[in-house]
Amino acid sequence: MLAQGLPAQILPIKEYLLAGTTAAVVTFLLVGPVRVLALQVGAVAWPRGRDVHVTPTARWGGLAMLAGVLAGIAMAYQLPAMRLAFAYSEEMVGVVLASLILVLVGALDDRYELDALTKLAGQTTAAGVMTLFGVQWTVLPDVFLGGQVGLGREQGVLLTVLLTVALVNAMNFVDGLDGLAAGIGLIAAGATALFTMGLVLRNGNDPFVFTPALIAFVLAGACLGFLPHNFNPARVFMGDSGSMLIGLLLAAATTMASGRLTDVTTGGDLLALFAPLIVLAAVVFIPVLDLLMAVVRRTRAGRSPFAPDKMHLHHRLLEIGHSQRRAVLLIYLWAGVLAFGAVALALIDDPFVVLWAVGVGLVVAVLASSVPRARMR
């Protein structure tokens with residue numbers, strides 16, 4: 001099914017960019033008023049032993065990001081080509097409702113410090129709402145026989161909720177340095193947008209594929225609009241309301257992209273079938289690795305997996321001599337190499353060229369990360 005009025009191989013790139021730009025501008029303009037509101041009501045991050053910042057800083061930047069995302073979606077709805085993304089399913093409604101629920105939970109946590117179980121309940125509820133509106137994994141690649149394995153409704157719902165909650169918490173865990181979560185969110189959303197644009201092109205502008213691409217673009221715009229206010233030295237933090245929103249929207253975009261690559265007749269089909277999983281893994285590799293290391297570290301010490309500490313990846317980079325800005329830029333480099341490398345692997349026919357490029361990027365990242373330690377020796 002082709003989008004009416006669109007040539008089969010012409011991407012609606014202007015429409016996507018307009019939606020993303022709207023999200024960026026609205027977010028950028030609203031951060032100031034949201035910061036004032038947060039200071040007035042006491043949604044402030046006071047320095048703690050495990051924190052890097054040393055001055056009280058307003059939270060609730062996630063409220064401005066949510067407004068930007070909603071503005072970008074509203075702009076897309078006004079465009080004839082992009083309106084097709086809303087016409088054939090209720091997925092976007094589910095994503096918006098889930099975002100509202102999760103940002104509300106995050107905003108309350110930013111102000112009142114909710115306990116871990118309450119936050120987990122909110123995350124699970126938001127993920128469940130998405131599945132009710134059709135946002136769920138429906139197929140997985142068959143490792144042994146090739147092709148795809150269909151998932152039952154219960155299996156799809158369970159997998160979607162688990163992955164969504166994992167992504168939400170991973171982005172929450174990584175939010176420890178000025179600009180870190182916003183930058184990783186921008187990189188991850190940008191890589192996801194590139195991948196989903198490939199799906200739009202491969203599916204001949206089928207409007208069924210428009211929705212994940214739109215979510216990725218507006219998320220990238222919101223992160224871009226927030227980053228100037230949040231890069232070191234940060235004037236405002238996104239708080240849990242922002243970091244959990246990023247995780248939720250990344251989960252929504254990658255979940256909706258799964259199973260929508262319908263052309264499975266070429267030599268690269270097996271890789272193509274794995275593409276959504278490869279992109280998902282690479283996009284969230286850094287935050288998920290940090291999350292897993294934190295859980296293992298804390299449980300081995302006999303502590304709760306949710307107990308805070310000062311041993312995250314960004315803390316380790318600071319310990320070996322990197323400045324805050326350099327540590328953030330290094331994590332950007334790692335995230336960018338992995339995320340865009342995975343997208344290139346999924347979309348480019350020659351995987352060896354991509355693997356060589358990714359290998360060079362990883363070597364550069366390793367050398368750049370080890371410079372302070374080398375100097376100390």
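Modeller: Asp-240 sits in helix H9, residues 239-257. Keep in mind that this is a predicted model.

Colleague: Why is Asp-240 called buried?

Modeller: The relative accessibility of Asp-240 is 12%. Buried means under 20%. So Asp-240 counts as buried.

Colleague: Which residues does Asp-240 touch, leaving out those up to four places away in sequence?

Modeller: They are Gly-106, Asp-109, Asp-110, Lys-119, Asn-172 and Leu-245. Contact here means heavy atoms within 4.5 Å.

Colleague: What makes Asn-172 and Asp-240 a pair in the UniProt record?

Modeller: UniProt lists both for "binding site", in an unreviewed entry. They are spread over 69 residues of sequence, yet they cluster in space. The largest C-alpha distance is 6.3 Å.

Colleague: How do you know whether Asn-172 is buried or exposed?

Modeller: Asn-172 has a relative accessible area of 14%. The cut-off for buried is under 20%. Asn-172 is therefore buried. Asn-172 lies in helix H6. Outside the four places on either side in sequence, Asn-172 touches Lys-119, Asp-240 and Ser-243.

Colleague: Where does H6 meet H5?

Modeller: Asn-172 is one of the H6 residues in that contact, and Lys-119 is one of those in H5. Others include Ala-127 and Gly-128 in H5, and Val-161 and Val-165 in H6. By class, the contact has eight nonpolar, eight polar and two charged residues.

Colleague: What makes Ser-99 count as buried?

Modeller: Ser-99 has 2% relative accessibility. The limit is under 20%, so Ser-99 counts as buried. Ser-99 lies in helix H4, residues 91-112. Beyond four places in sequence, Ser-99 touches Leu-66, Leu-245, Leu-248 and Leu-249.

Colleague: And why is Ala-368 called buried?

Modeller: Ala-368 comes in at 19% relative accessibility. Under 20% is the rule, so Ala-368 counts as buried. Ala-368 is in helix H14, residues 351-376. Ala-368 and Ala-327 are 41 residues apart in sequence and 10.0 Å apart in space, C-alpha to C-alpha.

Technical notes. Residues numbered from 1 in each chain as written. Predicted model: local features only at pLDDT ≥ 70, side-chain atom pairs only at ≥ 80, totals over all residues. Heavy atoms only, no water. Helix = DSSP H or I, 4+ residues; strand = E, 2+ residues; numbered from the N terminus. Nonpolar A, V, L, I, M, F, W, Y, C, P; charged D, E, K, R; others polar. Buried < 20%, exposed > 50% of the residue type's maximum accessible area, 1.4 Å probe, protein only. UniProt positions renumbered as here; feature names shortened; annotations may be inferred.
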